[in-house]
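Subject: Model for you to look at

Hello,

Here is the model we talked about. Please open it next to this email and follow along.

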Amino acid sequence: MSALMNKVLVVGMDGLRFDRLQALGAPVLAALMAAGAYGTSRLPYGEAGTPRTESPGEVVPKTPEPGDGGRVIRSRTDSGPGWSSIATGAWPDKHGVVDNGFAAPNFQKFPDFLTRAKNARPELATAAFFSWAALDEHGAFSRAIDHRLVLDGYTVGWAAADRQVAEAAERHLATADPDALFVYLGDTDEVAHDLGPHCPEYLAALATQDAYLGRLLAAIRGRATYPGERWTVLVTTDHGHVDAGGHGGTTDEERTVFVIASRLDADLGGRVLAGPRLVDVGPTALAALGVEVDPGWDLDGVPLAL
Ligand SMILES: [Zn+2]
């Protein structure tokens with residue numbers, strides 16, 4: 001019997017509050033959790049006392065979190081820092097993105113996990129699909145990724161962009177042979193900014209993204225080579241939202257994030273993970289691919305025990 005091919009799908013859903021996800025229900029995510037492992041943690045940063053807008057960060061309170069080494073991390077709870085931490089496996093004081101301005105990113109030293117995987121094993125095929133163009137413009141996900149779809153949600157519209165992202169990723173899973181993928185869906189954040197996370201529109205955006213995730217999983221299970229593959233699927237978010245909509249600050253509603261980890265070939269029993277962090281996502285993806293994290297990389301994250 002030959003060894004299974006290790007493959008990884010990471011799906012990011014922007015501004016998805018875990019308590020709202022649980023309250024509203026989303027069948028695909030619920031099934032992934034039931035057969036996987038999941039948990040929440042609080043971002044070890046946030047900016048107190050400033051408007052929840054896109055303005056640059058200034059003040060960050062110190063709220064110690066397990067594993068952050070007692071550092072003071074100055075950053076807003078915004079998408080730039082969140083996705084950069086997910087991509088790199090390091091916190092904002094290392095990758096340098098502390099708000100959505102991307103003034104001083106350090107992605108040369110802290111590249112994204114897809115680029116790390118490619119550097120370690122050039123034979124791996126990597127792919128990324130996202131509609132927040134800033135992640136491409138500033139290099140949070142690098143141009144060394146083999147197959148990329150970069151849309152601008154601000155011009156395309158976030159719901160339409162999500163649909164295009166999901167369709168492109170679904171097609172790629174069905175017709176190509178990627179080993180590691182990142183797929184970004186953004187409408188949950190957009191709706192929460194407009195209306196808050198307690199409205200029917202937020203439920204609708206979540207339901208749509210949940211259905212897109214279902215299509216991606218169906219595409220994986222439909223691959224002719226699927227019986228010889230071992231897929232790890234990770235789902236996460238970059239930050240939460242206050243009840244009225246908006247983020248950047250220090251409330252639990254803004255700082256609470258989640259990681260769902262699943263192995264499609266194995267039942268992990270719906271185990272609750274102890275405080276999985278955004279910086280653990282990249283190392284977990286690398287571990288699933290069999291790429292060892294080098295201590296010299298100075299990452300903050302560690303592979304989650306699945
Ligand atoms: Zn946002």
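A definition to begin with: buried means under 20% relative accessible area, exposed means over 50%, and partly exposed is in between, with a 1.4 Å probe and protein chains only. This is a predicted model, where local features need pLDDT of at least 70, side-chain atom pairs count only at pLDDT 80 or more, and totals for chains, interfaces and linings use all residues. Residues are numbered from 1 along each chain as its sequence is written, and side-chain values use heavy atoms, with hydrogens and water left out.

**Lys7**

Lys7 counts as buried, at 1% relative accessibility. Lys7 is in strand E1 (residues 5–13). Strands (E, at least two residues) and helices (H or I, at least four) are DSSP runs, numbered from the N terminus. Contact means heavy atoms within 4.5 Å. Setting aside neighbours within four places in sequence, Lys7 contacts Asp177, Pro178, Asp179, Arg223, Glu229, Arg230, Trp231, Thr232 and Leu289. Lys7 and Thr126 are 119 residues apart along the chain, and their C-alpha atoms are separated by 10.0 Å.

Ideal angles at a metal are 109.5 degrees for four tetrahedral donors.

Asp189 and His247 link distant parts of the chain, 58 residues apart. Asp189 sits in helix H9 (residues 187–195), and His247 in the loop between strand E6 (229–236) and helix H11 (252–255). Asp189 is buried, at 10% relative accessible area. His247 is buried too, at 2%.

**Helix packing**

Axes are lines fitted to C-alpha atoms, for helices over the stretch in contact, and angles run from 0 to 180 degrees between N-to-C directions. Angles under 35 degrees count as roughly parallel, over 145 as roughly antiparallel, 65 to 115 as roughly perpendicular and the rest as oblique.

H9 packs on H10 at about 180 degrees, with axes 9 Å apart. H9 and H10 are therefore roughly antiparallel. On the H9 side are Asp187, Thr188, Val191, Ala192 and Leu195; they meet Glu201, Tyr202, Ala205, Leu206 and Gln209 in H10. By class, that contact has six nonpolar, two polar and two charged residues. Here Ala, Val, Leu, Ile, Met, Phe, Trp, Tyr, Cys and Pro count as nonpolar, Asp, Glu, Lys and Arg as charged, and the others, Gly among them, as polar.

Helix H2 (residues 27–34) packs on helix H10 (residues 200–221) at about 60 degrees, with axes 7 Å apart. H2 and H10 are therefore oblique. Pro27, Val28, Leu29 and Leu32 in H2 meet Leu206, Asp210, Leu213, Gly214 and Leu217 in H10. The residues of this contact divide into seven nonpolar, one polar and one charged.

**Positive phi**

Phe102 is not a glycine, yet has a positive phi near 50 degrees. Phe102 lies in the loop between helix H4 (92–95) and helix H5 (113–120). Is Phe102 buried or exposed? Phe102 is buried, with a relative accessible area of 4%. Ala134, in helix H6 (residues 134–137), touches Phe102 and Gly139, residues up to four places away in sequence not counted.

Asp298 also has a positive phi, about 65 degrees, without being a glycine. Asp298 is in the segment after helix H12 (281–288). Asp298 is partly exposed, at 32%.

**Thr284**

Thr284 is in helix H12 and is buried, at 3% relative accessibility. Beyond neighbours within four places in sequence, Thr284 contacts Leu234, Val302, Pro303, Leu304 and Leu306.

Best wishes
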